[in-house]
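Hi there,

Here is the structure I promised to pass on. Please have a look, and my notes follow below.

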Amino acid sequence: MATAKSSQLKKNMSIAEKLEIGMKLVKADLIAYKKAKNSEIVVMQGDKIVYLKPDEIPE
């Protein structure tokens, strides 16, 4: 029963919704990787490029 519901939900989701879910998973994986390797992540905040240390990365 649960499989039928999840496959039906996947069919009803738009491409934009699927992309949004996928990008959230990619972001979580990237943050976990950067914390595991203790390396900085480069982000853009407004007009500035900022290098964040692993302990400063928001989740």
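The mean pLDDT of the chain in this predicted model is 85, and 81% of the residues reach 70 or more; pLDDT is the predictor's confidence in each residue, from 0 to 100. Confidence is lowest in helix α1 (residues 2–12), with a mean of 63, and highest in β2, at 95.

Two notes on conventions. Residues are numbered from 1 along each chain as its sequence is written, and side-chain values use heavy atoms, with hydrogens and water left out. As this is a predicted model, local features need pLDDT of at least 70 and side-chain atom pairs count only at pLDDT 80 or more, while totals for chains, interfaces and linings use all residues.

The chain has 2 helices and 2 strands, in the order α-α-β-β from the N terminus. These elements are DSSP runs numbered from the N terminus: helices are H or I with at least four residues, strands E with at least two. Of the 59 residues, 10% count as buried (under 20% relative accessible area; exposed is over 50%, partly exposed in between, with a 1.4 Å probe and protein chains only).

Now the strands. β1 (residues 41–45) and β2 run antiparallel and are joined by 5 bridges; two strands pair if DSSP finds at least two bridges between them. Val42 has Tyr51 of β2 as its bridge partner. The hairpin has 2 residues between its strands, and Gly46 there takes a positive phi near 70 degrees.

Another positive phi, about 55 degrees, belongs to Asn38, which is not a glycine. Most residues other than glycine have a negative phi. Asn38 is in the loop between α2 (15–37) and β1, and counts as exposed because its relative accessibility is 61%.

Lys34, in helix α2, may interest you too. Lys34 is buried yet has no salt bridge, and the nearest side chain of opposite charge, Glu40, is 8.4 Å away. Here Lys and Arg count as positive and Asp and Glu as negative, with His and the chain ends not counted; a salt bridge needs a side-chain nitrogen of Lys or Arg within 4 Å of a carboxyl oxygen of Asp or Glu. Beyond its neighbours within four places in sequence, Lys34 is in contact (heavy atoms within 4.5 Å) with Ser39, Glu40, Ile41, Pro54 and Ile57.

Lastly, Pro58 lies in the segment after β2 (48–52) and counts as exposed because its relative accessibility is 55%. Leaving aside neighbours within four places, Pro58 is in contact with Ile31 and Leu52. The C-alpha atoms of Pro58 and Ile31 are 8.7 Å apart, with 27 residues separating them along the chain.

Best wishes
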